[in-house]
Amino acid sequence: MKPDGYKAMNKEILEILACPDCKGDLRIESDEEGAAEIVNGRLICDTCGLFFPVKDGIPNFLSPDSGGA
Ligand SMILES: [Zn+2]
């Protein structure tokens with residue numbers, strides 16, 4: 001049961017998330033180091049090099065950014 005209005009993405013979600021492109025493991029890079037949840041940061045796939053912005057606790061898998069490929 002999660003509180004209403006809960007927006008931040010908990011780091012535990014990484015255990016069920018995988019790269020939508022290569023299914024590799026994602027790691028988190030948070031703009032707020034040490035926080036228990038991710039509000040703003042990015043999810044990075046070390047396997048294929050894609051990363052996905054996290055804004056307001058929502059990971060955006062629709063616009064992957066490979067750093068300018
Ligand atoms: Zn990948």
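Me: What stands opposite arginine 42 in strand 5?
Reply: Proline 53 does. Strands here are DSSP runs of E, at least two residues, numbered from the N terminus. Bear in mind that this is a predicted model: local features need pLDDT of at least 70, side-chain atom pairs count only at pLDDT 80 or more, and totals for chains, interfaces and linings use all residues. Residues are numbered from 1 along each chain as its sequence is written.

Me: How many bridges do strand 4 and strand 5 pair over?
Reply: Four, in the antiparallel sense. Strands count as paired if DSSP finds at least two bridges between them.

Me: And the hairpin, which residue takes a positive phi there?
Reply: Glycine 49, near 90°. Five residues lie between the two strands.

Me: What about strand 2 and strand 4, how many bridges?
Reply: Five, again antiparallel. Strand 2 covers residues 26-30. Arginine 27 has isoleucine 44 as its bridge partner in strand 4.

Me: Which residues are on the covered face of strand 4?
Reply: Gly41, Leu43 and Cys45. Arg42 and Ile44 make up the uncovered face.

Me: Switching to Cys45, what does it touch?
Reply: Cys19, Cys22, Gly24, Leu26, Leu50 and Phe51, leaving out residues up to four places away in sequence. Contact means C-beta atoms, placed from the backbone, within 7 Å.

Me: How many residues has the largest nonpolar core?
Reply: Ten, among them Met9, Ile38 and Cys45. Strand 4 (41-45) and strand 5 (51-55) each give two or more. Strand 5 gives the most, three.

Definitions and conventions: A nonpolar core is a set of buried Ala, Val, Leu, Ile, Met, Phe, Trp, Tyr and Cys residues joined through C-beta atoms within 7 Å. A residue is buried if 20 or more other C-beta atoms lie within 10 Å of its own, exposed if 12 or fewer, and partly exposed in between; C-beta atoms are placed from the backbone. Two residues are in contact if their C-beta atoms, placed from the backbone, lie within 7 Å.
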